[in-house]
Structure formats: C-alpha cells, structure tokens
Amino acid sequence: LSGAQRQWVSLARALVNDPAIVWADEPPGNLESENERLIMDLLTQLNKDNNQTFVIVTHSDYVGGRTNRIIQMKDGEVV
C-alpha cells in the first residue's frame, strides 16, 4: 500500500467501532491537499452527525483551522 492508502486504512481502523473519542496524531499528515481536505471533511462530519470527539495533534494551520477548539502547547505546557 502507498503511504496515503496506509493512512486511510489506519483511520478506518480507528473509526470502525464508532468510538466516542478518537485520539489522532497528524491524521492527514504528509498527504496531498485533496486527501487532507477529505479526511478533515470526514472527521468534522462525524463530529457533527455522531457527536464524536476528535483530539487531533497537528502542526498544520489548515487542520487546526478546521477544528472547533485549539489548545496550544509550548515546551510541554499548555499556553
């Protein structure tokens, strides 16, 4: 599988049991912008429709901008 395909499989495995909370470390990381948009569309739709919570760690301004709340850390502390 390609790197993008592995990321989609990983995301599918995390979502298959309809968890209340999903912890995701750079879910669309290293993907082209179209797949990044598709993943964020999926996560925001699941949040809206299923009331699922997604805790996303990211360095991407785009991904952060698609969330409802941002908590920033610096030097291991919440700022």
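In what order do the elements of the protein run from the N terminus on? They go α-β-α-β-α-β-β, with helices (DSSP H or I, at least four residues) and strands (E, at least two) numbered from the N terminus. The radius of gyration, taken over C-alpha atoms, is 13 Å, close to the 12 Å that the globule rule gives for 79 residues, so the protein is as compact as a globular protein of that length. That rule is 2.2 Å times the number of residues to the power 0.38.

This is a predicted model: local features need pLDDT of at least 70, side-chain atom pairs count only at pLDDT 80 or more, and totals for chains, interfaces and linings use all residues. Residues are numbered from 1 along each chain as its sequence is written, and side-chain values use heavy atoms, leaving out hydrogens and water.

**Salt bridges**
- The count is three salt bridges, each being a side-chain nitrogen of Lys or Arg within 4 Å of a carboxyl oxygen of Asp or Glu.
- Glu34, Arg37, Asp41 and Arg66 are linked in a network of them.

**Inside helix 2**
- Glutamate 34 and arginine 37 pair up with their closest N and O atoms 2.6 Å apart; both sit in helix 2 (residues 33-50), three residues apart.
- Aspartate 41 also bridges to arginine 37, at 2.5 Å between the closest N and O atoms, and these two are four residues apart in helix 2.

**Beyond the helix**
- Arginine 66 bridges to aspartate 41, with the closest N and O atoms 2.7 Å apart.
- Arginine 66 lies in the loop between helix 3 (61-65) and strand 3 (73-74) and aspartate 41 in helix 2, so the pair ties together parts 25 residues apart in sequence.
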